[in-house]
Amino acid sequence: NIFKLLANADSLFIPFMTLLSSCWGPGREARPSEWQLTVLLTAANLNAPYEWDVNEPVARVLGFGDERLALIRAGDLSSTKLFTDRHRLIGEMVKELVVNNEVSESTMLRAKEVLGAKVSMEVMMIHSIYGMLARIMRSAKIDFDPEIPGLIDTLKGYNARAVAEEKKYAEEDGIAFVDV
C-alpha cells in the first residue's frame with residue numbers, strides 16, 4: 001500500500017524508488033542488521049506501525065527474535081546478548097535525530113570513529129528516508145497490507161547472502177541470532 005500511496009506524486013515516485021532501492025544495494029557498508037535496526041528504531045521512535053509491520057519480517061529473517069524486537073520497540077538496546085556497541089551507537093544516532101533533528105557533535109565523532117564516515121552517513125540517510133515514509137504513512141492513515149503467504153521463505157531466499165553474513169557477524173560479536 002505504501003507504493004500505491006507514493007505513486008500519487010508521480011513525478012517524484014520513480015526518482016524516490018531509485019533512492020529507496022539504493023538503500024538495499026550492494027555498495028552499502030552498513031551491515032544488514034544495522035540497516036534494519038535503523039529502520040525499526042525509526043518506526044518505533046516515530047510511532048509508525050505500518051513501517052514496523054512491513055519491516056519486521058525482514059528483521060526476523062536477519063536473526064531478530066521476539067525478545068530483540070520487543071527491546072527495539074521499547075528503545076532499550078542495553079542487552080549485550082542481543083546488541084553490539086555498534087547497534088547501541090546507531091540507537092543513539094536515531095534517537096538524537098528524532099528528538100533533536102541532528103546528531104550531537106560528541107555522538108557524531110564516536111560514530112565516525114566506530115562506524116566510519118560512510119556507515120554514519122548511511123544511518124542518517126536511511127533514518128531520513130524511512131522517517132519521511134513514516135510521516136507520510138501516519139498522515140495518510142495507510143491501510144495495513146494483508147498477510148503475504150510464504151513471505152518469510154521469499155525473504156530468506158532473497159536475502160540469503162545477508163542472512164549468512166549476519167550469522168557470521170552474530171557469532172563474531174557474541175550476540176544471539178534467531179533462525180526463522
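**Helices and their surroundings**

Modeller: Gladly! Please keep in mind that the model is predicted.

Colleague: How do the axes of α3 and α6 cross?

Modeller: They come within 10 Å of each other, at an angle of roughly 35°. The crossing of α3 and α6 is right-handed.

Colleague: What makes α3 largely enclosed by the rest of the structure?

Modeller: Buried means under 20% relative accessible area. In α3, 12 of the 14 residues are buried, so the helix is largely enclosed by the rest of the structure. The buried residues are P32, S33, E34, W35, Q36, L37, T38, V39, L40, L41, T42 and A43.

Colleague: Which helices do the buried residues of α3 pack against?

Modeller: They pack against α4, α5 (66-74), α6 (85-100), α8 (117-140) and α10 (160-173).

Colleague: How do you know that the span of α3 is close to what is expected?

Modeller: Helix α3 covers residues 32-45, which is 14 residues. The expected span is 1.5 Å times one less than the number of residues. For α3 that expectation is 20 Å, and the helix reaches 20 Å from its first C-alpha to its last.

Colleague: Why are α4 and α9 called oblique to each other?

Modeller: Helix α4 (residues 49-61) and helix α9 (residues 151-158) pack at about 60°. Angles under 35 degrees count as roughly parallel, over 145 as roughly antiparallel and 65 to 115 as roughly perpendicular, while the rest are oblique. The two helices are therefore oblique. Their axes lie 9 Å apart, and α4 passes α9 in a right-handed crossing.

Colleague: Which residues make that contact?

Modeller: From α4 there are P57, V58 and V61, and from α9 there are L151, I152, L155 and K156. By class, the contact of α4 with α9 has 6 nonpolar residues, no polar ones and 1 charged.

Colleague: What about α7 and α8: at what angle do their axes cross?

Modeller: The axes of helix α7 (residues 105-114) and α8 cross at roughly 125° and come within 6 Å. Angles from 65 to 115 degrees would be roughly perpendicular and those over 145 roughly antiparallel, with the rest oblique. That makes α7 oblique to α8. M108, A111 and K112 of α7 meet A117, S120 and M124 of α8. This contact of α7 with α8 divides into 4 nonpolar, 1 polar and 1 charged residue.

**Single residues**

Colleague: S120 is in helix α8. Is S120 buried or exposed?

Modeller: The limit for buried is under 20%. S120 has a relative accessible area of 0%, so S120 is buried. Leaving out residues up to four places away in sequence, S120 touches M93, M108, A111, K112 and L115.

Colleague: S128 is in helix α8 too. Why does S128 count as partly exposed?

Modeller: Buried is under 20%, exposed is over 50%, and partly exposed is in between. S128 has 45% relative accessibility, so S128 counts as partly exposed.

Colleague: What makes L62 buried?

Modeller: L62 has a relative accessible area of 3%, and the limit for buried is under 20%. L62 sits in the loop between α4 and α5. Apart from neighbours within four places in sequence, L62 is in contact with P32, S33, Q36, A162, V163, E166 and F177.

Technical notes. Residues numbered from 1 in each chain as written. Predicted model: local features only at pLDDT ≥ 70, side-chain atom pairs only at ≥ 80, totals over all residues. Heavy atoms only, no water. Axes fitted to C-alpha atoms, helices over the stretch in contact; angles between N-to-C directions. Helix = DSSP H or I, 4+ residues; strand = E, 2+ residues; numbered from the N terminus. Left-handed = near helix turned anticlockwise from the far one by under 90°. Contact = heavy atoms within 4.5 Å. Nonpolar A, V, L, I, M, F, W, Y, C, P; charged D, E, K, R; others polar. Buried < 20%, exposed > 50% of the residue type's maximum accessible area, 1.4 Å probe, protein only.
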